[in-house]
Amino acid sequence: MNTPLPVVLAGARGHGRWHVENIRRLQEKGLVRLAGVCELTPLTEEELDGLGTPEQSADFGALLDSTGARIAVICTPIPTHTDLALTAAERGVHLLLEKPPAPSYAEFRRMADGVAAAGVVCQIGFQSLGSHAVPAIRELIAEGAIGKLAGLGGAGAWVRNEDYFRRAPWAGKRRLNGVDVIDGALTNPLAHAVATALALGGSTRAEDVTGIETELLRANAIESDDTSCVRVSTEQGHPVTVAATLCAEQADEPYVLVHGSTGRITFWYKQDRVLLQRAGHGPEEFEHGRTDLLENLVAHLTTGADLLVPPEETGAFMKVVEAIRTAPDPAPLPDTAWHRIPGENRRVVPGIDGLVAAAADTLSLYSELGAPWASEHLSKEVSTR
């Protein structure tokens, strides 16, 4: 039996708690051992229940050295990702790097090139790309189940209260202390919608992107976008349009819609659920399993299994991040376009739920759907190679 691989987790609170639970699950299976935790404030015994007594330090590099870590899981603020990844890489430590991998394309390249030069393996934490639905849908497209691929739409209508944008100093920011953060709806909470839509269409690499249009808006008093859409032109010839909001009237399951000439496929990526609708057939629904990305990284290192999300497979997503980074700052929605819900401390944009769905359905931007607040004043960037 293989010896469990020693893992160091950087960032164990907030979203990092999910990684603590996942490492606990894999430790119980004998695949990994939590050797170290890098946090500014050490975890308590209660937080580490069942995980033994890993070494704790705020010095990531020293922790990697002292624990002999084989894998580092990095779940820290977005602007820190590249430097921490390179700290691990130069020590020969393999990586699971949380999404988005970097706040700019330049930082992404610095990370990816540095990791490649060091000869270590890096998995980017787009968990939806571990879904077995992804290859299954690609196969349906390839065999012509929905005719000729016409385009892909993504829809994310989520609810977040105003406290969400105060959860960390970098939350809701485009920049902090002169450093890029780019914490917007499409680049962080609903980044999976963008990455999954690109993946289903086979447009995952930077060179697959030929142009990007953005419409970035905000109802909340933040720097970044909370209501936005993007349309990506691809080398493969089919557009990818993703619309997102954190100001929905009601929270809904995000999904990707694959449009074909004779049918369509809907993929609710958090649920691994697929609906196939095509001419001459009744609707067919499928539920798929999912491979955990840390488990896949361990399998890659121990048995040579294919790595599911190497950095190069997120290059197209990072081109979208870069287009959002270089676009004009998100336009504030007029006061008439949103209202507060009493008692819930959140801002809602009436009608946005339908617009998000319509964007995915028609591959249109908000301005093209006649949204009164997405008018001519909205600056739309088109970036090409």
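Which side chain does the side chain of Glu368 join in a polar contact? The partner is Arg231, and the contact spans 2.8 Å. Welcome to this structure, which is a predicted model.

- Glu368 sits in the loop that runs between α9 (352-362) and β20 (381-384).
- Its relative accessibility is 42%, so Glu368 counts as partly exposed.
- Besides the polar contact with the side chain of Arg231, the side chain of Glu368 also reaches the backbone nitrogen of Leu365, at 2.9 Å.
- For a sense of scale, take Tyr105, which is 263 residues from Glu368 along the chain: the C-alpha atoms of the two are separated by 28 Å.

**Ala358, in helix α9**

- Helix α9 is where you will find Ala358.
- Ala358 has a relative accessibility of 23%, and therefore counts as partly exposed; the buried class is for values under 20%.
- Setting aside neighbours within four places in sequence, Ala358 is in contact with Leu363 and Leu369.
- Ala358 and Ala155 are 203 residues apart along the chain, while their C-alpha atoms are separated by 8.7 Å.

**Helices α2 and α3**

- Two packed helices are described by the angle between their axes and the distance between the axes.
- For helix α2 (residues 60-67) and helix α3 (residues 81-89), the angle is about 25° and the axes are 10 Å apart.
- That angle makes α2 roughly parallel to α3, because angles under 35 degrees fall in that class.
- The two helices, α2 and α3, cross in a right-handed sense.
- On the α2 side, Phe60, Gly61 and Leu64 take part in the meeting, and on the α3 side, Leu84, Thr87 and Ala88 do.

**How α3 is enclosed**

- The buried residues of α3 are His81, Thr82, Leu84, Ala85, Leu86, Thr87, Ala88 and Ala89.
- Their cover includes α2, β4 (71-74), β5 (94-97) and α4 (105-118).

**Helices α6 and α8**

- Helix α6 (residues 191-200) packs with helix α8 (residues 315-326) at an angle of about 135°, and their axes are 9 Å apart.
- With that angle, α6 is oblique to α8.
- The crossing in which α6 passes α8 is right-handed.
- Ala191, Val194, Ala195 and Leu198 are the α6 residues here, and they meet Ala316, Phe317 and Val320 of α8.
- This contact of α6 with α8 consists of seven nonpolar residues, with no polar and no charged ones.

**Backbone features to look for**

- Most residues other than glycine have a negative phi, and most peptide bonds are trans.
- Lys99 and Pro100 are joined by a cis peptide bond, with omega about -15°. Pro100 lies in the loop between β5 and α4.
- Asn177 is not a glycine, yet its phi is positive, near 50°. You can find Asn177 in the loop between β8 (175-176) and β9 (179-180).
- Asp272, also not a glycine, has a positive phi of about 55°. Its place is the loop between β14 (263-268) and β15 (273-278).

**Asn22, in helix α1**

- Asn22 belongs to helix α1 (residues 16-28).
- With a relative accessibility of 7%, Asn22 counts as buried.
- Which residues does Asn22 contact, leaving aside its neighbours within four places in sequence? Asn22 is in contact with Asp292 and Leu294.

Methods:
Residues numbered from 1 in each chain as written. Predicted model: local features only at pLDDT ≥ 70, side-chain atom pairs only at ≥ 80, totals over all residues. Heavy atoms only, no water. Helix = DSSP H or I, 4+ residues; strand = E, 2+ residues; numbered from the N terminus. Buried < 20%, exposed > 50% of the residue type's maximum accessible area, 1.4 Å probe, protein only. Polar contact = N/O pair within 3.5 Å; in protein donor to acceptor, adjacent residues only side chain to side chain. Axes fitted to C-alpha atoms, helices over the stretch in contact; angles between N-to-C directions. Parallel < 35°, antiparallel > 145°, perpendicular 65-115°, else oblique. Left-handed = near helix turned anticlockwise from the far one by under 90°. Contact = heavy atoms within 4.5 Å. Nonpolar A, V, L, I, M, F, W, Y, C, P; charged D, E, K, R; others polar.
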